[in-house]
Amino acid sequence: MTLDGSTPAAPMPLTAFGPGSVVVPPPGDPATFPALQAEIRELAREHNAVVLAHSYERPEIQDVADHVGDSLRLSRIAASAPESTIVFCGVSFMAETAKILSPDKRVLLPDLAAGCSLADSITVEQLRSWKAEHRGAVVVSYVNTSAAVKAESDYCCTSSNARAVIDAIPADRRILFLPDMFLGLWLQRVTGRKLTIWLGECHVHAGIRPSDVAEWHRREPNAELLIHPECGCTSQVIEIAGDEAHILSTEGMVTYAERSSADTFLVATEVGILHRLEQKAPGKRFVPVNREAVCQYMKLTTLEKLRDALRLGVHEIDVPAEVAARARVALERMIAIA
Ligand code: 13P
Ligand code: SF4
């Protein structure tokens, strides 16, 4: 079933697409970090490369990157970076997005196993069947999708601008929103629009439970709550905490914490963001509501793999030109909408 009760044209994936066989390397020895980071900076200069890192990456990767941010910020930087090589410390859909937006650049992903359970929750064949069942609908895809799925979409969005993207679509158009059901449900609530929502989820955010937030809210009643809209607990948390709950993208959390006068924040998203929050809002206290909220895919990139990516020119990401041309239309709409 889709969330509007219609029958799907293909089996719907209400499963957690966990990372299964992904083996996360153990934490590195901090004593080795400065030398590796210096080597990486030198290689990046030599190869005219810019290093981009998502806020869920390991702290030592964030510290060596030229730019750290959320999906929207990094997409915008990838689209306009002057360097001839982009090394993406993130997951594969991010590197694909960078390649689509900058087709003449070399885009490297340090570990090809860095996938995404949410992106895996819909295939292009499933999307084609779904579209066939809802002819004339506007397709809005979260950026956490494959290039082939983006190519079948009218708009892409990220958690930073999903609301603005929905608001930009004429009110009389039916919208298919995919693949994250929790983001879709939150969008229905804040836009007042009826969406037809695919039942996909991110295994990390789906694992953050309302009880995690309720328990911390009880212990820290004066703390502000920062919640990513991919979280399975979003709607119940709004019921628990009302106006104290701030539903934000990862970059939105950073900006909010920098500006807020509060000194303690409860954070409901992947724990890699804590490093960035602590860097950008020093002196404030950030408490993860669930310390187990770890994206194994994001933790695959180590300093050694980043160094080798630059040294050996691996792993180069390519997107077939015809797919890229169609996906670019949806992505450029995403980049253009604030
Ligand atoms: P943002 O960084 O865009 O908030 O998305 C979170 C995420 O899950 C990225 O994979
Ligand atoms: Fe994908 Fe979830 Fe990992 Fe983000 S945190 S990359 S949505 S699996």
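**Stop 1: ligand 2.** Around ligand 2 you will find Tyr56, Val91, Cys116, Ser117, Leu118, Asn144, Cys202, Val204, Glu270, Cys295, Tyr297 and Met298. A residue belongs here if its C-beta atom, placed from the backbone, lies within 6 Å of the molecule. What is the make-up of this shell in nonpolar, polar and charged residues? Nine are nonpolar, two polar and one charged. Ala, Val, Leu, Ile, Met, Phe, Trp, Tyr, Cys and Pro count as nonpolar; Asp, Glu, Lys and Arg count as charged; the others, Gly among them, are polar.

A note on labels and limits. Residues are numbered from 1 along each chain as its sequence is written, while chains are lettered from A and ligands numbered from 1 in the order in which they are written. Because the model is predicted, local features need pLDDT of at least 70 and side-chain atom pairs count only at pLDDT 80 or more, but totals for chains, interfaces and linings use all residues.

**Stop 2: ligand 1.** Now select ligand 1. The residues surrounding ligand 1 are Asp70, Ser71, Leu72, Asn144, Thr158, Ser159, Ser160, Cys202, Glu230, Ser249 and Thr250. This shell has seven polar residues, two nonpolar and two charged.

**Stop 3: lysine 299.** Go to the loop between strand S12 (285-288) and helix H14 (303-312); lysine 299 is there. Helices (H or I, at least four residues) and strands (E, at least two) are DSSP runs, numbered from the N terminus. Is lysine 299 buried or exposed? Lysine 299 is buried, because 22 other C-beta atoms lie within 10 Å. The cut-offs: 20 or more other C-beta atoms within 10 Å of a residue's own for buried, 12 or fewer for exposed, and partly exposed in between, with C-beta atoms placed from the backbone. Beyond residues up to four places away in sequence, lysine 299 touches Val24, Arg58 and Val294. Contact means C-beta atoms, placed from the backbone, within 7 Å. Threonine 264 is 35 residues from lysine 299 in sequence, and their C-alpha atoms are 26 Å apart.

**Stop 4: helix H1 and what follows.** Select residues 33-46, helix H1. Its 14 residues should span 20 Å at 1.5 Å a residue, and the end C-alpha atoms are 20 Å apart, so the two agree. The expected span is 1.5 Å times one less than the number of residues. Step on to histidine 47, in the loop between H1 and strand S1 (49-54). Histidine 47 is partly exposed, because 17 C-beta neighbours lie inside 10 Å. Outside four places in sequence, histidine 47 contacts Thr85 and Leu310. Asparagine 48, after H1, has a positive phi, near 50 degrees.

**Stop 5: strand S7.** Select residues 175-178, strand S7. In a regular strand, side chains alternate between the two faces of the sheet. In S7, Ile175 and Phe177 on one side and Leu176 and Leu178 on the other are all buried. S7 pairs in the parallel sense with strand S5 (residues 138-142) over four bridges. Valine 140 stands opposite phenylalanine 177. S7 also pairs in the parallel sense with strand S8 (residues 195-197), over three bridges. There leucine 176 stands opposite threonine 196. Pairing requires at least two DSSP bridges between the strands.

**Last stop: the protein chain.** Zoom out. The protein chain has 15 helices and twelve strands. Of its 338 residues, 50% count as buried.

Key: Contact = placed C-beta atoms within 7 Å.
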